Structures are given as structure tokens and as C-alpha cells.
Amino acid sequence: MQVKDIMAVPPTIDKSAKISNALSIMEKKNTRRLLVTHSGEAAGVLTMRGLAKELGTKKRTKPASSLPVVTAVTKNFTFVKPGTKFAVAVKILKEKGGVLFVSENEKDVIGWITPNEIIGAHDFTGQQAKDVMFQKTIITINSSERLVHARHLMLENNIGRIPVMEEGKLVGVVSERDIAVALQEFKDHVPDKYQENQIKNLLIADVMSRSPTTAKPSSPAEDIVKSMVQKNVGIVPILDDDGKLAGIITRRSLILAIPTLD
């Protein structure tokens with residue numbers, strides 16, 4: 001299998017477009033990243049994490065509607081040719097993260113490979129959730145904590161979603177998308193002089209997604225992956241028989257579980 005067999009057509013946006021427009025496109029297309037272009041060529045990637053980082057920066061007091069995409073673009077991508085083997089693509093994503101731009105000349109992008117394409121193409125038959133989940137040092141957050149704290153944890157640990165707990169029980173998940181959307185609305189509607197004080201009033205409970213999809217350690221990995229790809233779910237908390245958080249499955253944990261040649 002080669003990358004040309006599984007690549008997807010990336011949604012695009014020009015680097016001069018506004019962040020508010022980018023968020024609208026992401027919402028409409030149910031995606032957490034866009035290919036950023038300039039004069040028809042690839043200029044980088046816009047991610048929900050990049051938006052959460054930029055919109056939460058104290059120096060940014062302007063409304064999201066006035067900020068150009070270029071202020072949040074990242075260069076976390078690698079060019080690969082259409083004939084690149086699947087195993088090679090997996091190895092690159094394991095080592096570098098980001099996305100793969102499929103191109104013959106490192107200029108004209110004909111498609112891209114994101115973690116979603118990788119996990120959707122791999123056969124996880126015979127594996128269980130416990131075989132592909134993260135289970136050590138799982139970062140969690142309480143629903144009563146501030147949104148800015150969740151943003152800090154995500155950026156500091158390079159993660160996109162955090163399980164939300166109350167009295168030791170899972171009650172939801174907060175994602176980089178939740179953070180970015182909340183910060184956009186906050187920046188657009190709260191006057192500059194009040195932002196520093198009022199940002200403290202935004203709590204995890206106000207923005208998190210409740211009743212997330214969960215699974216048990218013995219659940220078939222292939223069923224979990226199928227659900228994640230079809231529903232575009234980025235995290236599946238794994239709960240033991242007592243309802244305690246035993247681990248999490250993310251696209252990253254799944255990619256790391258795919259064997260590759262050294």
C-alpha cells in the first residue's frame with residue numbers, strides 16, 4: 001500500500017484569511033486542521049491547537065475576526081511522494097508528528113496524510129483496547145478548573161484532548177477545539193479592558209463535551225478505530241469494570257501501536 005492509495009484531499013485556506021473564517025470552515029467540514037496556501041502553494045498547516053495557542057496569547061487582544069490565519073500557521077509537515085510506502089509514512093508520523101503533504105515536486109500538493117488516514121488504513125484485527133491505549137501518566141483535569149489551565153496543559157504536553165474528572169469519575173472531555181472556539185467567542189465579545197479579569201471566569205464545565213464515547217480494556221481495537229474514523233472522534237477513554245479511567249486511546253496511541261521496520 002502506498003500513500004496515494006489512502007491520501008485525502010485537504011481543505012484549504014489562504015494565509016491572509018481571517019481566523020474566524022478558518023474556524024467556520026473547520027466546523028463545516030468537521031476537521032481540526034486546514035492546509036494553508038499562499039499564491040497557490042503550500043505555506044503550512046492551521047490546527048486547532050495552533051488556534052488555541054494564538055487566541056489565548058495575552059498580547060492578542062483583537063477580535064478573532066480581525067486576526068489573519070498566518071498568525072497561527074505551523075510548519076509541522078513533511079513532503080512525501082505518492083509512491084511512498086505505508087510503513088514509511090507511519091514511521092515519519094511516529095518520529096515527526098504533524099501531517100504528510102503528498103507531492104511530486106514539494107510544491108503542488110495533490111493530497112495529504114493525517115493520522116486519520118493512517119489508522120483507517122491499518123488492520124487492528126485481533127488487538128484489544130488495552131493493547132493500543134496510553135495508560136501511564138494520563139493527564140486529567142477537574143471540571144471546576146479554568147479553561148486557561150486546560151490550554152496550558154495541552155500546549156505544555158503537546159496533547160489535544162484531556163479527560164475531565166469529578167470525584168474520580170469521568171464526566172467529559174475537553175479538546176483543543178473546545179478551547180479555540182471558546183476563546184474566539186470570548187475575544188470577539190469581551191472588550192479588551194475586561195479580558196484579563198473575565199478570562200478567569202471561563203471554566204472547563206462551560207466548554208467540555210459531556211458523555212464521551214468510552215470502551216473497556218477488552219473491547220476490540222478495530223471497533224474503536226472504526227468509530228473514531230467514522231465519527232471523527234479524537235479520544236476514547238478506557239474505563240475498567242469499576243468505571244475508573246484505565247487509559248485513553250488517541251490517534252497518536254494507535255499510530256504508535258502500528259509496527260514499522262527500523
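**Contacts along the chain.** I began with the contacts in the protein chain between residues at least 6 apart in sequence. Of these, 61% join residues at least 24 apart. I note here that the model is predicted.

**Overall build.** I counted 12 helices and 12 strands in the protein chain. The C-alpha trace spans about 55 × 55 × 30 Å along its principal axes. I then checked the radius of gyration. A compact globule of 262 residues would have a value near 18 Å, and the protein chain has 19 Å, so the two agree.

I looked up burial next: 46% of the 262 residues are buried. The accessible surface comes to about 13200 Å². Carbon and sulfur atoms hold 48% of that surface. For charge, I took the 37 positive and 29 negative charges of the protein chain. Their mean positions are 4 Å apart.

**E166.** I found E166 in strand 8, which covers residues 161-166.

**S219.** I placed S219 in the loop between strand 10 (209-210) and helix 11 (221-231). Is S219 buried or exposed? S219 counts as buried, because its relative accessibility is 18% and the cut-off for buried is under 20%. Leaving aside neighbours within four places in sequence, S219 is in contact with Q127, Q128, A129 and I224.

**Nonpolar cores.** I turned to the largest nonpolar core, which has 38 residues. Which of its members touch the most other members? They are I13, L46, L51, I141, V174 and I179. Several elements give two or more residues to this core, including helix 2 (19-29), strand 3 (41-47), helix 7 (147-157) and helix 8 (176-189). Strand 8 is also one of these elements, and strand 8 is where I had found E166.

Leaving aside neighbours within four places in sequence, I13 is in contact with K18, N21, A22, I25, L34, L35, V36, T37 and V69.

How values were computed. Residues are numbered from 1 along each chain as its sequence is written. This is a predicted model: local features need pLDDT of at least 70, side-chain atom pairs count only at pLDDT 80 or more; totals for chains, interfaces and linings use all residues. Side-chain values use heavy atoms; hydrogens and water are left out. Helices (H or I, at least four residues) and strands (E, at least two) are DSSP runs, numbered from the N terminus. The radius of gyration is taken over C-alpha atoms; the globule rule is 2.2 Å times the number of residues to the power 0.38. Buried means under 20% relative accessible area, exposed over 50%, partly exposed in between (1.4 Å probe, protein chains only). Contact means heavy atoms within 4.5 Å. Accessible areas come from the Shrake-Rupley method with a 1.4 Å probe; for residues, only the protein chains shown count as cover. Lys and Arg count as positive and Asp and Glu as negative; His and the chain ends are not counted. The place of a charge is taken as NZ of Lys, CZ of Arg, CG of Asp or CD of Glu. A nonpolar core is a set of buried Ala, Val, Leu, Ile, Met, Phe, Trp, Tyr and Cys residues joined through side-chain atoms within 4.5 Å.
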